[in-house]
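Have a look at it first, and then we can go through its parts together.

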Amino acid sequence: MTCTRHALRSGLLVASLLLAGCASPHPSTPQDPYESFNRSMYAFNDKADRWVIKPAAQGYRAITPGPFRTAVSNFFDNFKDVYSAANNLLQAEPEKAVNDIMRVALNSTFGLFGLIDIATPAGLKNNKTSLGDTFAHWGWKNSNYLVLPFFGPSTVRDGLGLGVSLGINGPEHLVYHNSNEAIAFYGMYGVNTRARYLDFDDSLATAAIDPYTYLRDGFLQLRARQLGLPNPTQSDDVNIDELVNAPSTASAPAGEAAPPAVDGSHPEASAAAHAAASAAQ
Amino acid sequence: MTDTMKKLIATFLVMLGLSAHSLAATDNPVEQVRETSRQIMDVLKQENGKNTKQVRQQVEALAVPQFDFQRMTALAVGLGWRQASPAQQSALAQQFQNLLVRTYSSTMTRFKNAQIDIQPNATMGNSGREATVKSSVSLPGNDKGPVAVDYTLYKTPQGWKVFNVSVEGASLVTVYRNQFNQEINKNGVDGLIKMLQDKNAAIPASK
């Protein structure tokens, strides 16, 4: 276990050095200064998924019944509730922390070591929170995008939170006792989780122009909403009425056209557009 | 995977199936969303593995008229929209519509057992000409709880039209903005049109 933790710590250190090394001074997307690092990590995850994780998940799904996989999910969720309780305490949310502790107590006993989630039907809400949320709660609101190995889209804040949570001596050490068992534990978690999303692989490929950017922007919007922050991926506040109603500035092939001046900040202009639009109706 | 990652994926799942939601024309945006959802779910429930193609076509016929793809595309492109000539704008809107319809129609049948709850009160904006209707979608067997889906509509002479859909706060429309602008900056508006055309041609037609 200590060796796992050492590996994690040195991993974090190496990652931060790498990040510092390749932070772009003028990122094309403000939230993604580590884009080159992130893209290579994305490519790594994609390869690992294609050659190892996805085939494993497909095989796993083929040989296990659905209720079995739900039980496995519940089992891992039960550990997360322990961390959630700790983080709710750190966020000064004692009621939610008690809720989480009750969930763990109920599910670990009557729920057969967490295999059955009886707490949710019993009315104990699943309000999981993480160390990343705790950091955000105490002021670390904006954080740059970071793709983690295996875990995928994250931020520097949430990745750090995850690294610390994985590194401390948590309750999962009741289950595994050496590195091999730890690998089996997290491998099972990964494969079981991956198996739930097998049907949706093609959809991302169909929807996205650039899957890296699609996932990044989707993730950042989602995460901002969870934390109650404004949408981080659009810094230019587009006024849709102006955009649609304004006559096109392009007469020449648009590739050569200079970008028009940004005047979304003119309230008079937008008011005038609204007035014109209402008059037309 | 983190929970956030799961949420994100759940997001994509839902958007794949349900942004094809449509709305029957009424004066009330909430009623319109509710009525169209009902109609679509009625059609989806008849899917039995053999009639998938017809079900998809019927759902598309219900859903597509509820959207304003021109406005949606403008929102997706952002400021670059003004660089495009009217002809380029309609070409973009057509290609974007094809992309979205193909994406969501291929997965919609996974949502035939979904439970959709529409919140009775819309959030009005823009002097009453814009409305955001909130809904929550639950899938049986998904223990992660319901997913929030928001529709933003605006009032046209032809009734309310949807031009934005968000799942758990992630817009299925503006998620394209950086991708589109990457291409516009590289190869111009025509480059983007061509790229979308190629992509749509590459996706096999849904069976």
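## The core and its surroundings

In the largest nonpolar core, which has 68 residues, those that touch the most other members are Val59(B), Ala76(B), Leu92(B), Phe96(B), Val133(B), Val173(B) and Leu192(B). Helix H5(B) gives this core its largest share, eight residues. Keep in mind that you are looking at a predicted model. As a bit of background, nonpolar side chains in soluble globular proteins tend to be buried together.

Let's pick out Val133(B). Which residues does Val133(B) contact, once its neighbours within four places in sequence are left aside? Pro29(B), Val30(B) and Val33(B) are on the list, and so are Ile118(B), Ala122(B), Tyr151(B) and Leu153(B).

## The two chains

Now step back to the chains themselves. Chain A is built with eleven helices and two strands, while chain B has six helices and six strands. If you follow chain A along its sequence, the pattern reads α-α-α-α-α-β-β-α-α-α-α-α-α. Do that for chain B and you get α-α-α-α-α-β-β-β-β-β-β-α.

Here are a few values for each chain:

| Chain | Residues | Buried residues | Contacts joining residues at least 24 apart, among those at least 6 apart in sequence |
|---|---|---|---|
| Chain A | 281 residues | 30% | 60% |
| Chain B | 207 residues | 55% | 59% |

## Helix pairs in chain B

Two packed helices are described by the angle between their axes and the distance between the axes. With that in mind, let's take two pairs.

Start with H2(B), residues 29–45, and H3(B), residues 52–63: they pack at about 175°, and their axes are 9 Å apart. Angles over 145 degrees count as roughly antiparallel, so H2(B) and H3(B) are roughly antiparallel to each other. On the H2(B) side, the contact is made by Thr36(B), Gln39(B), Ile40(B), Val43(B) and Leu44(B). The H3(B) side brings Val55(B), Gln58(B), Val59(B), Leu62(B) and Ala63(B). Sort the residues of this contact by type and you find seven nonpolar, three polar and no charged. Val59(B) was also named among the core residues that touch the most other members.

What about H4(B), residues 69–77, and H5(B), residues 86–105: at what angle do they pack? The answer is about 95°, with the axes 9 Å apart, and H4(B) and H5(B) are therefore roughly perpendicular to each other. From H4(B), Phe69(B), Gln70(B), Thr73(B), Ala76(B) and Val77(B) take part, meeting Gln89(B), Leu92(B), Ala93(B), Phe96(B) and Gln97(B) of H5(B). By type, the residues of the contact of H4(B) with H5(B) come out as six nonpolar, four polar and no charged.

## Two helices in chain A

Over in chain A, H4(A) covers residues 94–109. Its 16 residues should span 22 Å at 1.5 Å a residue, and the end C-alpha atoms are 22 Å apart, so the two agree. Buried in H4(A) are Ala97(A), Asn99(A), Asp100(A), Arg103(A), Val104(A), Leu106(A) and Asn107(A). What do those buried residues of H4(A) pack against? Their partner is helix H3 (66–90) of chain A.

Finally, there is H6(A), residues 156–167. Its twelve residues reach 16 Å from first C-alpha to last, close to the 16 Å expected at 1.5 Å a residue. The buried residues here are Val156(A), Arg157(A), Asp158(A), Gly159(A), Leu160(A) and Gly161(A).

How values were computed:
Residues numbered from 1 in each chain as written. Chains lettered and ligands numbered in written order. Predicted model: local features only at pLDDT ≥ 70, side-chain atom pairs only at ≥ 80, totals over all residues. Axes fitted to C-alpha atoms, helices over the stretch in contact; angles between N-to-C directions. Helix = DSSP H or I, 4+ residues; strand = E, 2+ residues; numbered from the N terminus. Parallel < 35°, antiparallel > 145°, perpendicular 65-115°, else oblique. Contact = placed C-beta atoms within 7 Å. Nonpolar A, V, L, I, M, F, W, Y, C, P; charged D, E, K, R; others polar. Expected span 1.5 Å × (residues − 1). Buried ≥ 20, exposed ≤ 12 C-beta atoms within 10 Å, placed from the backbone. Core = buried A, V, L, I, M, F, W, Y, C linked by C-beta atoms within 7 Å.
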